[in-house]
Amino acid sequence: MASDSRGAELRLEGITKTYGEAAAVRGLDLIVHPGEFVTLLGASGSGKTTTLMMLAGFTSPTEGRISIGGRDVTSLPPGKRDLGVVFQNYALFPHLTVYQNLAFPLEMRRVDTRSIAKEVAHALEMVQLSDKGGSSPRELSGGQQQRIALARAIIFKPQALLMDEPLGALDKNLREHMQVEIKRLQKSLGATVVFVTHDQEEALTMSDRIAVMQDGGIAQIASAREVYEEPANRWVAGFIGQSNFLPGRITERDEDAYVVLLDSGARVRARSKPGRSIGDRVTGVLRPESIRIAGASPSAGTTGVTGEVTDALYFGHTIKYTVKLADGTGLIAQTTRAGHESAPPVGTRVAMNWGPDSVWLVDGETLQ
Amino acid sequence: MMTSSLGTAAVVRSPRWKANPSWLLLTPALVLLGVFFIYPLCGMLLRSLVDPGLTWKHYARFMSDPSYLHVLRGTFEIAASVTAATIVLGYPLAYFLSQARPRLAGLMMILVIVPYFTSVLVRTYAWMILLGTEGVFNQLLLGSGLIGQPMKLMYTRTGVLIGMTYILLPYMVLALYSVMRGVDTNLLNAAESLGASRVRAFWRVFFPLSRPGLAAGGLLVFILSLGFFVTPALMGSEQDSMISMLIDSQVETYFDWGFASALATILLVCTLILFAIYERVVGLQRLFEAKP
């Protein structure tokens with residue numbers, strides 16, 4: 001497809017959706033730039049699907065404004081919004097053939113039969129299902145149905161693509177394959193994509209930016225790397241990946257880092273967003289894979305703590321240890337394969353250390 | 001070699017019903033069907049052909065008298081009209097119910113079914129009161145000045161159609177509703193997102209997917225109409241009788257069991273032919289599928 005189908009900008013301003021007393025989405029602002037892949041990531045009930053449905057026009061917001069490519073579409077029906085939607089269960093028309101499914105959006109736009117034939121053939125080729133035009137959707141495998149649904153959503157060159165957990169029903173291998181395929185397609189089309197998922201790995205691998213949704217709002221919107229390495233708050237850190245939370249108080253600050261006295265008694269170096277001051281209650285976020293388990297005592301020059309191994313879970317490519325510190329808090333440490341040879345058995349005392357930039361600070365608990 | 005010896009081993013296994021005793025669960029139903037359906041059916045067939053030796057005379061009588069053929073034709077016409085009327089009235093209702101919230105739909109479904117708690121006889125008498133020359137319907141129309149003469153509704157085909165449509169409508173609604181409820185709302189959303197207006201989404205997606213319901217409801221109502229007795233007997237006329245009334249009069253008035261059996265057999269055969277055509281066009285399987 002030509003590069004003139006570059007995606008449009010999507011803009012949600014002050015969007016609120018209430019059902020009776022309960023608010024599914026409240027005061028949400030989101031700008032998706034042209035050609036950008038943004039994922040709405042959240043648990044069920046976080047408002048991610050409601051947000052997508054409002055963008056698509058299937059439900060209308062109680063308050064706020066939606067615009068696509070600079071045009072206010074808040075009160076436009078879905079058919080006039082010119083958006084491709086891919087549904088979780090694919091929503092292929094079971095009474096039509098694959099060909100007729102792909103032709104549907106073109107017929108609605110009164111494209112002539114000959115152009116339809118050309119476009120459909122092209123789309124089938126693009127998703128590598130050229131021989132399936134005459135099949136019924138029922139005769140296709142899950143992955144094939146998914147590809148047809150995708151082809152149907154982009155065949156009319158919509159301004160943007162909305163995807164509601166499109167890979168939810170596929171098994172793991174197929175899922176990873178489709179992730180790559182969708183990403184490749186999105187890049188080659190330059191399409192704007194809003195992708196809804198509850199699968200954090202999917203969000204991390206596919207997105208330009210991830211909007212982590214919590215209770216009908218966006219808790220953090222940033223690149224995958226930023227969301228993972230510099231979570232905005234404790235909730236985000238806990239939702240994406242596994243984290244150790246180390247409560248403490250700031251005691252010193254140098255140019256680009258803080259020193260925190262942990263409640264367990266250790267003193268560690270930590271990074272943070274600017275603006276914290278000495279004496280603040282904070283929580284250090286430390287990812288399990290940042291922790292190295294060293295010998296029996298901490299080696300000089302690195303930050304670290306000592307504790308006793310209480311649990312070891314073998315995952316093949318990694319081993320996860322639970323290590324109990326002096327004050328009773330448990331730390332989870334994940335070692336890579338390379339560290340397996342010296343794997344300490346349960347019950348041994350070990351020293352753990354981590355790189356100087358491994359601890360990230362979020363606001364401390366206010367209620368305890 | 002290995003596979004062939006395995007193959008023979010499989011063949012000498014015990015028969016299916018022994019291996020899987022759940023087939024025994026069918027026994028009560030089969031016995032009931034045999035004693036109370038298959039056996040009397042054969043009896044009826046025999047009676048229509050034996051008097052006391054083998055004879056075609058009952059069938060010859062039916063074929064030779066145009067008034068009997070007229071009754072058969074009338075029966076099919078009435079059944080077709082009732083089917084059409086229940087579709088026209090039932091489809092929008094079933095559509096509304098299928099799109100309504102589950103609670104409201106459940107409540108309204110009860111309203112659809114509630115008339116079944118009363119007997120057909122009572123409901124037919126109620127219509128007779130409503131539609132009579134002095135009935136509520138005529139009184140209202142006369143009173144409002146819309147008509148000058150009372151309309152003749154009782155003992156006409158119109159009256160029979162009104163009564164039968166009323167009684168058979170719930171069958172149509174239930175058949176349509178069960179299929180419509182199974183149509184994925186996402187399909188309509190998808191159609192709309194692909195550029196269809198609501199009306200087009202309905203005709204291009206919802207309606208085709210609801211057709212199995214139309215087929216099931218249509219067949220059900222049509223076949224029930226063919227053998228309908230109470231309503232046409234009470235609300236219809238002698239001149240425009242249905243085949244069930246003819247059978248009734250042969251048994252009750254003329255004690256001609258042979259001819260009555262022949263009439264019943266003809267009705268059965270017509271129904272079966274219809275069934276066969278239906279199977280060819282729509283496919284019986286779709287009748288029993290919950291989803292389109």
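Predicted model: local features only at pLDDT ≥ 70, side-chain atom pairs only at ≥ 80, totals over all residues.
## Chain A overall

Chain A has eight helices and 20 strands. Along the principal axes, its C-alpha atoms fill a box of roughly 75 × 45 × 40 Å. The chain holds 368 residues, and 39% of them are buried.

## A five-stranded sheet in chain A

Chain A contains an open sheet of five strands. The order is β13-β12-β11-β14-β20, and the pairing is antiparallel. β13 and β20 (360-363) of chain A each have a single partner strand, so one side of each is left without a neighbour in the sheet. These two strands stand at the edges. On average, neighbouring strands of this sheet are turned by 45 degrees against each other, direction ignored.

Strands of a sheet pair through backbone hydrogen bonds, either parallel or antiparallel. One pair in this sheet joins β11 (residues 244-253) of chain A to β14 (residues 281-286) of chain A. Six bridges link them, and they run antiparallel. Here A:Gly248 is opposite A:Val282 of β14(A).

Strand β12 (residues 258-262) of chain A is joined to β13(A) by four bridges. The two strands run antiparallel. In one of the pairings, A:Tyr258 has A:Ala270 of β13(A) as its bridge partner. Together β12(A) and β13(A) form a hairpin, with four residues between them. The turn includes A:Gly265, which has a positive phi of about 105 degrees.

In a regular strand the side chains alternate between the two faces of the sheet. Which residues of β13 (residues 267-270) of chain A lie on its covered face, and which on its uncovered one? A:Val268 and A:Ala270 form the covered face. A:Arg267 and A:Arg269 form the uncovered face.

## A helix pair in chain A

Two packed helices are described by the angle between their axes and the distance between the axes. Helix α2 (residues 98-108) of chain A and helix α4 (residues 142-154) of chain A have axes that come within 8 Å. These axes cross at roughly 25 degrees. That angle makes α2(A) roughly parallel to α4(A). The crossing of α2(A) past α4(A) is right-handed.

From α2(A), the contact takes A:Val98, A:Asn101, A:Leu102, A:Phe104 and A:Pro105. From α4(A) come A:Ile148, A:Ala151 and A:Arg152. The residues of the contact of α2(A) with α4(A) are six nonpolar, one polar and one charged.

## Two helices that meet α14 of chain B

In chain B, helix α14 (residues 257-281) packs with helix α4 (residues 57-64), their axes coming within 9 Å. The crossing angle is roughly 70 degrees, and α4(B) and α14(B) are therefore roughly perpendicular to each other. α4(B) passes α14(B) in a right-handed crossing. On the α4(B) side, the contact residues are B:His58, B:Tyr59, B:Arg61 and B:Phe62. They meet B:Gly258, B:Phe259, B:Ala262, B:Leu263 and B:Ile266 in α14(B). By class, this contact of α4(B) with α14(B) has six nonpolar, two polar and one charged.

Helix α3 (residues 27-49) of chain B also packs with α14(B), with axes that come within 7 Å and cross at roughly 120 degrees. α3(B) and α14(B) are therefore oblique to each other. Their crossing is left-handed. α3(B) gives B:Met44, B:Leu45, B:Arg47 and B:Ser48 to the contact. α14(B) gives B:Trp257, B:Gly258, B:Ser261, B:Ala262, B:Ala264 and B:Thr265. The classes in the contact of α3(B) with α14(B) are five nonpolar, four polar and one charged.

## Where the chains touch

How many residues does each chain bring to the contact? Chain B gives 15 residues and chain A gives 18 residues. On the side of chain B that touches chain A, α10 (185-193) and α11 (198-226) of chain B are the elements that give two or more residues. The largest share, six residues, comes from α10(B). This side of chain B has eight nonpolar, five polar and two charged residues.

Definitions and conventions:
Residues numbered from 1 in each chain as written. Chains lettered and ligands numbered in written order. Axes fitted to C-alpha atoms, helices over the stretch in contact; angles between N-to-C directions. Parallel < 35°, antiparallel > 145°, perpendicular 65-115°, else oblique. Left-handed = near helix turned anticlockwise from the far one by under 90°. Contact = placed C-beta atoms within 7 Å. Nonpolar A, V, L, I, M, F, W, Y, C, P; charged D, E, K, R; others polar. Buried ≥ 20, exposed ≤ 12 C-beta atoms within 10 Å, placed from the backbone. Pairing = 2+ DSSP bridges.
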